Amino acid sequence: QLAAFRLLSKNLSCVDSSTNANIITGNTFTNSNSSGFDVLLMNPPFLRNDNPDAPITIADKALMNNAINSNGQANFVTLASQPNLYFYFVNYSWHYLNSQGRAGLILMAKFLNNEEGEHLKQFILDKVEFIIMYPRNYFEDFKVTTVITVLSKQPTTQIKFLRIIDSDLLSRPNDIKTILSSRTNSEITANYTLKVTDRNIDPSANWKMFFNDPEEKFQTLDSLSFLEP
């Protein structure tokens with residue numbers, strides 16, 4: 001009841017006697033394989049594969065991998081030696097969307113530059129539209145740094161990396177939408193930085209550099225022959 005109320009209260013002006021909120025609880029990987037949705041919003045659980053307190057069991061992995069494979073999707077999780085739990089959710093959830101669908105996912109920022117993240121980046125390379133990084137202290141009670149990742153079944157030819165510097169901008173989603181929709185070139189301001197790339201980027205590269213060095217100044221250092229990496 002609380003979930004239904006919170007969902008409906010997001011836009012009460014559009015609620016009437018015909019409105020239906022269908023709340024289902026249970027294991028994502030054992031529920032019926034629904035599909036055809038316009039939008040998927042997900043904050044998946046984060047858990048290291050080798051977490052000593054609550055490890056991902058062999059049975060868990062078998063259940064999740066079978067669900068992914070049963071939908072005919074490419075299973076990138078099996079390529080990672082130490083996949084985080086949220087990898088399975090991202091891989092499995094793609095089938096929920098219709099041909100025009102979009103997904104908004106809160107993911108650990110580590111995937112942008114760690115070794116295991118290469119497989120996730122390869123999976124989303126032809127799907128991702130935006131990756132949004134916000135100030136670390138925005139969620140002060142949480143140690144994990146996260147980013148908002150927006151995927152689309154009909155993506156544009158560009159990928160946009162938005163780093164929000166001023167936390168107040170997060171309270172103005174329409175301003176964020178304007179920044180992402182109207183800019184086709186990279187931009188640096190006091191409140192944010194925006195890096196625009198095409199899709200010819202390397203999944204094994206450090207994607208965090210699009211936030212840390214939007215002007216690609218470090219590439220100048222790389223080009224100096226007398227310096228060794």
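The questions and answers below go from the whole chain to single residues.

Q: What kind of model is this, and which pLDDT do local features need?
A: Residues are numbered from 1 along each chain as its sequence is written, and side-chain values use heavy atoms, with hydrogens and water left out. This is a predicted model, in which totals for chains, interfaces and linings use all residues, side-chain atom pairs count only at pLDDT 80 or more, and local features need pLDDT of at least 70.

Q: What radius of gyration does the chain have?
A: The radius of gyration is taken over C-alpha atoms, and the globule rule is 2.2 Å times the number of residues to the power 0.38. For 229 residues a compact globule would come out near 17 Å, and the value for the chain agrees with this, being 19 Å.

Q: What percentage of the residues in the chain is buried?
A: A residue is called buried under 20% relative accessible area, exposed over 50%, and partly exposed in between, with a 1.4 Å probe and protein chains only. Of the 229 residues in the chain, the buried share is 39%.

Q: Is Asn49 buried or exposed?
A: Asn49 lies in the loop between β1 (37-42) and α2 (58-70). Leaving aside neighbours within four places in sequence, its contacts (heavy atoms within 4.5 Å) are with Pro55, Ile56, Lys61, Ser81, Gln82 and Pro83. Because its relative accessibility is 12%, Asn49 counts as buried.

Q: Which side chain joins that of Asn49 in a polar contact of 3.2 Å?
A: A polar contact is a pair of N or O atoms within 3.5 Å; within protein, one must be able to donate a hydrogen and the other to accept it, and residues adjacent in sequence count only if both atoms are side-chain atoms. The side chain that joins Asn49 in this way, at 3.2 Å, is that of Lys61.

Q: Which residues are linked with Arg172 in a network of salt bridges?
A: A salt bridge is a side-chain nitrogen of Lys or Arg within 4 Å of a carboxyl oxygen of Asp or Glu, and a search of the whole structure finds seven of them. Arg172 is partly exposed, with a relative accessible area of 31%, and the closest N and O atoms in its salt bridge with Asp175 are 2.5 Å apart. The residues linked with Arg172 in the network are Asp168 and Asp175.

Q: Which residue meets Lys127 in a salt bridge?
A: Lys127 is buried because its relative accessible area is 10%, whereas a residue with 49% is partly exposed, as Asp126 is. The N to O distance in the salt bridge of Lys127 is 3.1 Å, and the residue it meets is Asp126.

Q: Which residues make the nonpolar surface patch of about 440 Å²?
A: Patches are made of residues with over 30% relative accessible area and no salt bridge, like charges being joined within 9 Å and nonpolar side chains (Val, Leu, Ile, Met, Phe, Trp, Tyr) within 5 Å. Phe218 lies in helix α7 (residues 218-222) and counts as partly exposed because its relative accessibility is 45%. The patch is made by Phe218, Leu221, Phe226 and Leu227.

Conventions:
Accessible areas come from the Shrake-Rupley method with a 1.4 Å probe; for residues, only the protein chains shown count as cover. Helices (H or I, at least four residues) and strands (E, at least two) are DSSP runs, numbered from the N terminus.
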